Amino acid sequence: ADKYFDYMVETRRYLHRHPEVSFKEFETTKFIKSELDKLGIPYESPLETGCVGIFKGGKESDRVVALRADIDALPMKEEGVAKEEFLSLNEGAAHCCGHDSHTA
């Protein structure tokens, strides 16, 4: 976990600064796909927004584990001195419910 800590914080703060509301997460989806590409993780895009990363284990199995990370933001203005360095840059949208953390 220590090895990836800085990367995770940087990723979460990027997502926090660039929120998009439901069904309009076009840039968020591009960002996620770009990160998956960098990590060599294949994905599928069944919808216009969002994607499904495919992780395969080392053994053949018919079992599946699904992990979900919502990517949408709330339609609201974000405020707060404590979050000054990573406040939303998109007026009227804010990650105030943890979706940016789940996605990171």
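Is Lys38 buried or exposed? I looked it up: Lys38 is exposed, with a relative accessible area of 62%. I noted the cut-offs beside it: buried means under 20% relative accessible area, exposed over 50%, and partly exposed in between (1.4 Å probe, protein chains only).

**Ground rules**

I keep in mind that this is a predicted model, where local features need pLDDT of at least 70, side-chain atom pairs count only at pLDDT 80 or more, and totals for chains, interfaces and linings use all residues. Residues are numbered from 1 along each chain as its sequence is written, and side-chain values use heavy atoms, with hydrogens and water left out.

**Entry 1: the overall layout**

I found three helices and two strands in the protein. Read from the N terminus, the order is α-α-β-β-α. Helices (H or I, at least four residues) and strands (E, at least two) are DSSP runs, numbered from the N terminus. The C-alpha atoms fill a box of roughly 50 × 35 × 20 Å along the principal axes. Of the 104 residues, 26% are buried.

**Entry 2: salt bridges**

I searched the whole structure and got five salt bridges. The term stands for a side-chain nitrogen of Lys or Arg within 4 Å of a carboxyl oxygen of Asp or Glu.

I started with Lys38, whose partner is Glu35, with the closest N and O atoms 2.9 Å apart. About one helical turn separates the two, because they sit three residues apart in helix α2. Glu35 is buried, at a relative accessible area of 11%.

Next I looked at Asp100 and Arg12, whose closest N and O atoms are 2.5 Å apart in their salt bridge. This pair links distant parts of the chain, since Asp100 is in helix α3 and Arg12 in helix α1, 88 residues apart. Asp100 is buried with a relative accessible area of 3%, while Arg12 counts as partly exposed at 22%.

Then I checked Glu85 and Arg13, which meet in a salt bridge of 2.9 Å, N to O. Glu85 lies in the loop between β2 and α3 and Arg13 in helix α1, so this pair ties together parts 72 residues apart in sequence. Glu85 counts as exposed at 59% relative accessibility, and Arg13 as partly exposed at 27%.

**Entry 3: the largest pocket**

How much space lies in the largest pocket? I read off about 1,700 Å³. Among the 42 residues that line it, Val52, Gly53, Ile54, Phe55 and Leu67 are the closest to its centre. A pocket here is an open set of points on a 1 Å grid over the protein atoms alone, where a 1.4 Å probe fits, with protein on both sides within 12 Å along at least five of seven lines; lining residues have an atom within 4 Å of a point.

Helix α1, α2 (26-39), β2 (52-53) and α3 (99-103) each supply at least two lining residues. The largest share, five residues, comes from α2. By type, the lining divides into 23 nonpolar, 10 polar and nine charged residues.

**Entry 4: a patch on the surface**

Last, I found a nonpolar surface patch of about 380 Å², made by Tyr4, Tyr7, Met8 and Leu39. Patch residues have over 30% relative accessible area and no salt bridge; like charges are joined within 9 Å, and nonpolar side chains within 5 Å. I picked out Met8, which belongs to helix α1 (residues 5-17). Met8 is partly exposed, with a relative accessible area of 34%.

Technical notes
Accessible areas come from the Shrake-Rupley method with a 1.4 Å probe; for residues, only the protein chains shown count as cover. Grid points are joined across faces, edges and corners, and a volume is the space filled by probe spheres set on the points. Ala, Val, Leu, Ile, Met, Phe, Trp, Tyr, Cys and Pro count as nonpolar, Asp, Glu, Lys and Arg as charged, and the others, Gly among them, as polar.
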